[in-house]
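Student: I have a model open and want to learn how to read it. Where do we start?

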Amino acid sequence: MKKNLLLIPFIFVGFSSCDTLNQVAQSTVQQYGNPSQLEISNGLKQALELGTDKSSDQLSAVDGFFKNAAVKILFPPEAQKVESTLRSIGLGKLADNVILSLNRAAEDATGQAKPIFINAIKQMTLQDVTNILLGRQDAATQYFKRTTTQQLSASFKPVIQNSLSKVGATRYYSDAAAAYNRIPLVTKVNPNISDYVTQKAIDGLFVVIAQEELNIRQNLSARTTPLLQKIFGYYDRNKR
């Protein structure tokens, strides 16, 4: 497995403020000089590939979604009354099974993201690279959203549909919806859950990618090689 340049610890003591980032940026110029266009392109693409790999690996692991409060998948908003009603009538275990199985399905699908991100990175132009490096703190995340969401959805959906069946989510959610729909006078809910889980899996992936991007932009300890120090020192000096 590749080492993740975004995460391997490399300790800088006492660096946290914007002033310190600027001081380090100037020191980087003296030590390494300004990066060439090729260095910027190669370094940023490498960082993005490793960061997206890490995000995919993190979320596709067991409990990658389920134990991450930022991305954990819960009942759909329109079905939250289903959950509260089921719990109130002693069917809390059924509701728990639904939530666990939705997250297991998302974890099962997220490993499909790697080749899609790699292709998007390969398609980057020099202008794309410059815009990402010198853009907003989520510029890379927004680039991936624009260029990969449609492919991610097409890739994730059949895997999630299969996973929902494999881990029992389809049955659990259908059972939950059916139990709720039998309650007199309630508004009926749709028992089909696959589209919702697909979208939440993609949303969760971008949440983690955004966290990785912010880390390397703001955290000096995440810049673990001379090349990353050089190109992100350039970013510190020229960021918008």
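Tutor: With helices. A helix here is a DSSP run of at least four residues, numbered from the N terminus. Note that this model is predicted. Ser 60 is found in helix α2.

Student: Is Ser 60 buried, exposed or partly exposed?

Tutor: Buried means under 20% relative accessible area, and exposed means over 50%. Ser 60 has 29% relative accessibility, so Ser 60 counts as partly exposed.

Student: Which residues does Ser 60 touch, leaving out those up to four places away in sequence?

Tutor: Contact means heavy atoms within 4.5 Å. Ser 60 touches Glu 107, Thr 110 and Gly 111. Look at Ala 106 too: its C-alpha atom is 7.6 Å from that of Ser 60, though 46 residues separate them along the chain.

Student: Which backbone oxygen lies 2.8 Å from a polar atom of the Ser 60 side chain?

Tutor: That of Ser 56. The cut-off for a polar contact is 3.5 Å.

Student: Now cavities. How many of 30 Å³ or more does a search of the whole structure find?

Tutor: A cavity is space where a probe fits but cannot get out. The search finds 1. About 140 Å³ of space lies in the largest cavity. Its lining has 16 residues, and the closest to its centre are Ala 47, Leu 48, Ala 140, Glu 213 and Ile 216.

Student: Which helices each supply at least two lining residues?

Tutor: α2 (37–60), α7 (139–166) and α9 (194–218). By class, the lining has 10 nonpolar, 3 polar and 3 charged residues.

Methods. Residues are numbered from 1 along each chain as its sequence is written. This is a predicted model: local features need pLDDT of at least 70, side-chain atom pairs count only at pLDDT 80 or more; totals for chains, interfaces and linings use all residues. Side-chain values use heavy atoms; hydrogens and water are left out. On a 1 Å grid over the protein atoms alone, a cavity is a set of points where a 1.4 Å probe fits but cannot get out, and a pocket is an open set with protein on both sides within 12 Å along at least five of seven lines; lining residues have an atom within 4 Å of a point. Grid points are joined across faces, edges and corners, and a volume is the space filled by probe spheres set on the points. Ala, Val, Leu, Ile, Met, Phe, Trp, Tyr, Cys and Pro count as nonpolar, Asp, Glu, Lys and Arg as charged, and the others, Gly among them, as polar. Buried means under 20% relative accessible area, exposed over 50%, partly exposed in between (1.4 Å probe, protein chains only). A polar contact is a pair of N or O atoms within 3.5 Å; within protein, one must be able to donate a hydrogen and the other to accept it, and residues adjacent in sequence count only if both atoms are side-chain atoms.
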